[in-house]
Amino acid sequence: VPSKPELCNEVVVFGSNDFFIYACHKNTGKLKWKFLTEGECKGSPTIDRHSKKVFAASFDGHLYCLDLGTGSLSWKKKLGLKLFNKPLIYKEKVYIGSYSYQVCALNKHNGKAIWYFMTKGRIVSSPIENDGVICIGSHDGNLYALDAESGSLLWKFGTSGKITSSPRLSKKNLFVCSNDGNLYCFKKNES
């Protein structure tokens, strides 16, 4: 089970190499539900606490939206080849990158694509959001900063190696590691 568990109230949700997404009671471990996808679920799921939906990626190339209480399928969207990373919920959208070199923003309620942004490499990095900016790394060696609403490129920073790590934020800095052996730190703009 390579997936990091996600917790909401009394429920723990995680993906597995056996193609299932599982939900268990956090105190007893008792199975609440399981949902069969068409591929391994190596990335960590994301739970939207407002809508009580689980968003989970699969190596079958689909992003799944499931009901947290029952595990029933609300929608699924094919986004190319494999999906490996943890989806990001921001406002009314869900964001994810794919092995098909793209970052995608979808309507979190129905899975309808709002925008796509193409990189030049696979994406296993999970996106983060800060002040309406989506940051994500790519195998092409770039860290991308995209406008959350439109998907337009705000800036990118190139490294000498693939970026497989997910960016992290502190109060004043953005950090990302590259396979070139470096940790990169960016100061956040103060406005």
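Leu7 stands opposite Val12, a residue of strand 2. Strands here, like helices, are DSSP runs numbered from the N terminus, with at least two residues in state E for a strand and at least four in H or I for a helix. Please note that the model is predicted: local features need pLDDT of at least 70, side-chain atom pairs count only at pLDDT 80 or more, and totals for chains, interfaces and linings use all residues. Residues are numbered from 1 along each chain as its sequence is written, and side-chain values use heavy atoms, with hydrogens and water left out.

Let me stay with this sheet. Strand 1 pairs with strand 2 (residues 11-15) in the antiparallel sense, over 3 bridges; two strands are said to pair if DSSP finds at least two bridges between them. Strands of a sheet pair through backbone hydrogen bonds, either parallel or antiparallel. The open sheet holds 4 strands in the order 1-2-3-4, with antiparallel pairing. Strand 1 (6-8) and strand 4 (31-36) are at the edges with a single partner strand each, so one side of each has no neighbour in the sheet. From one strand to the next, the twist averages 15 degrees, where axes are lines fitted to C-alpha atoms, for helices over the stretch in contact, and angles run from 0 to 180 degrees between N-to-C directions.

Ile47 belongs to strand 5 (residues 46-48) and, at 8% relative accessibility, is buried. Buried means under 20% relative accessible area, exposed over 50%, and partly exposed in between, with a 1.4 Å probe and protein chains only. Beyond its neighbours within four places in sequence, Ile47 is in contact with Glu6, Leu7, Cys8, Val13, Lys53, Val54 and Leu68; contact means heavy atoms within 4.5 Å. Its C-alpha atom is 8.4 Å from that of Ile89, 42 residues apart along the chain.

I turn to the aromatic residues. How many aromatic pairs does a search of the whole structure find? The search finds 11. Rings of Phe, Tyr and Trp (its six-membered ring) pair if their centres lie within 6.5 Å; planes under 30 degrees apart are stacked, over 60 edge-to-face, and the rest tilted. Phe59 and Phe84 form a tilted pair, 6.0 Å centre to centre with 55 degrees between the planes. Phe59 is in the loop between strand 6 (53-57) and strand 7 (62-67), and Phe84 in the loop between strand 8 (73-78) and strand 9 (88-90), so the pair ties together parts 25 residues apart in sequence. Phe59 is buried at 17% relative accessibility, whereas Phe84, at 29%, is partly exposed. Elsewhere, Trp155, Phe157, Tyr184 and Phe186 form one aromatic cluster.

The criterion is NZ of Lys or CZ of Arg within 6 Å of the ring centre and within 35 degrees of the ring normal. Lys34 likewise lies over the face of Phe20, 4.6 Å from the ring centre.

Finally, Gln102 is found in strand 11 (residues 102-107). Is Gln102 buried or exposed? With a relative accessible area of 12%, Gln102 is buried. Its side chain reaches the backbone oxygen of Leu79 at 2.7 Å. Not counting residues up to four places away in sequence, Gln102 touches several residues, among them Leu79, Tyr116, Phe117 and Ile123.

Terms used
Polar contact = N/O pair within 3.5 Å; in protein donor to acceptor, adjacent residues only side chain to side chain.
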